[in-house]
Amino acid sequence: MTASIVGWAHTPFGKLGAETVESLVVKVATDALADAGISAGDVDEIVLGHFNAGFSAQDFTASLVLQADPELRFKPATRVENACATGSAAVHQGVRAIASGAAKIVLVVGVEQMTHTPGLEVGRNLLRASYLPEDGDTPGGFAGVFGKIAQAYFQKYGDQSDALAMIAAKNHKNGVANPYAQIRRDFGYDFCRSESEKNPFVAGPLKRTDCSPVSDGAAALVLMDVETARSMRRAVNIRATGHAQDFLPMSKRNILDFEGCTVAWQRALAKAGVTLSDLSFVETHDCFTVAELIEYEAMGLTPKGQGARAIKEGWTRKDGKLPINPSGGLKAKGHPIGATGVSMHVLSAMQLAGEAPEGMQIRDARLAGIFNMGGTAVANYVSILEPVR
Ligand code: COA
């Protein structure tokens, strides 16, 4: 056992034109403390996940959390960054502070504001999470990078357009019940499978419905040492964590294997003393549908090249043997980079506490797995969560 989540907050994800990074941070920090019933003066440490990379002119943002309450002044506060896994990097940093005994209460915030930035610049900023000497000029931004991965996968294992469309349709269907999701539309398989004016090809075999959207949003949670958390109104334990960082250049590894994802899952499951089949559901990093497909294999759900089975045979649907992305995933929920990992922890904690929104709640959820990925399986974070009964 590492730390417990005792409170949380989540803004809707989407185009939040009236908000700023500062207003988003202040809102979720304030709401998470109130939700936990913790006064700001009792917080020992603050961790902010914020990718930025050009999205906001205001860099150096850790101290923005202090604006939520004057009592936060002079608390240790640090901003962490690990590309699209920035949010989980922040959560795991908070867990470490508690595990080391340096803190008893940690406030973790994740934020990103992307939609104020013009489209071309969005692509350029996101490409900063690739290895620039090899992929820095990829047309289509990060979609272009994952388009290349999808192409390579198709070449090796055959055309997977049906499976990708089924993953998109599943996650969009799930997203309808998530009040925080950016896109709450059940597009259906046929729309996701067909190229159309409303669903054009974006990069390689990836269409618009294969991509997560560009988003603003924030999420926050309050971590507490497990002992003290027992006396709280409700608590969800982070039973184990795993982090595996891989080489940045894709040329130094077999990119179709997402090896870092496998290592992170193995570490976390071993530490928790459980197997994949013990999990009630998983929130996984579907920045693009092909990522979810390869993650089925990397987490050990199917052998290599057979990820399609998991979606085609219904295993990962909300009523399947291992529901994956009951929140709608990044695909429907949105992907404000620094907020995503924190959001995954918040929404999983809600499920385990039995407080998920109606329609999204997995019945009798007992154990959750989270996989949050930065870059192309470069930063790999897994958390295993369970409720305190
Ligand atoms: N999935 C489904 N629908 C989407 C969408 C997505 N990813 N992105 C936008 N839409 C919808 C919009 O809601 C809008 O619908 P409407 O016409 O009914 O209002 C329509 O498509 C057009 O929106 P627009 O914003 O003009 O689309 P776009 O073509 O400029 O952007 C993408 C689409 C896929 C290029 C953009 O979402 C993108 O770049 N995504 C990837 C982001 C990324 O790389 N993140 C990092 C991952 S590692």
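I note that UniProt positions are given in the numbering used here, that feature names are shortened, and that annotations may be inferred rather than shown by experiment. Residues are numbered from 1 along each chain as its sequence is written. This is a predicted model, in which local features need pLDDT of at least 70 and side-chain atom pairs count only at pLDDT 80 or more, while totals for chains, interfaces and linings use all residues.

**Entry: annotated domains**

I looked up the domains in the UniProt record. An unreviewed entry annotates residues 5–225 as "domain: Thiolase N-terminal". Over residues 5–225 I read 36% helix and 18% strand, with the end C-alpha atoms 9 Å apart. Helices (H or I, at least four residues) and strands (E, at least two) are DSSP runs, numbered from the N terminus. The unreviewed entry also gives "domain: Thiolase C-terminal" for residues 250–386. Over residues 250–386 the chain is 37% helix and 14% strand, and its end C-alpha atoms lie 34 Å apart.

**Entry: around the ligand**

I next looked up the 16 residues around the ligand, of which Phe142, Arg208, Cys211, Pro213 and Cys287 come nearest. A residue is near a molecule or strand if its C-beta atom, placed from the backbone, lies within 6 Å of it. Two or more residues of this shell come from each of α3 (119–127) and α5 (141–157). The most are given by α5, with three residues. By class, I found 10 nonpolar, five polar and one charged residues in the shell. Ala, Val, Leu, Ile, Met, Phe, Trp, Tyr, Cys and Pro count as nonpolar, Asp, Glu, Lys and Arg as charged, and the others, Gly among them, as polar.

**Entry: α5 against α10**

I then followed α5 to helix α10 (residues 289–298), where the two pack at an angle of about 50° with their axes 9 Å apart. Axes are lines fitted to C-alpha atoms, for helices over the stretch in contact, and angles run from 0 to 180 degrees between N-to-C directions. Phe146, Ile149, Ala150 and Tyr153 in α5 meet Val290, Ala291 and Ile294 in α10. Contact requires C-beta atoms, placed from the backbone, within 7 Å. By class, this contact has seven nonpolar, no polar and no charged residues.

**Entry: α2 against α13**

Lastly, I looked up helix α2 (residues 86–99) and helix α13 (residues 337–353), whose axes come within 5 Å and cross at roughly 55°. Their contact has six nonpolar, eight polar and no charged residues.

Technical notes
Contact = placed C-beta atoms within 7 Å.
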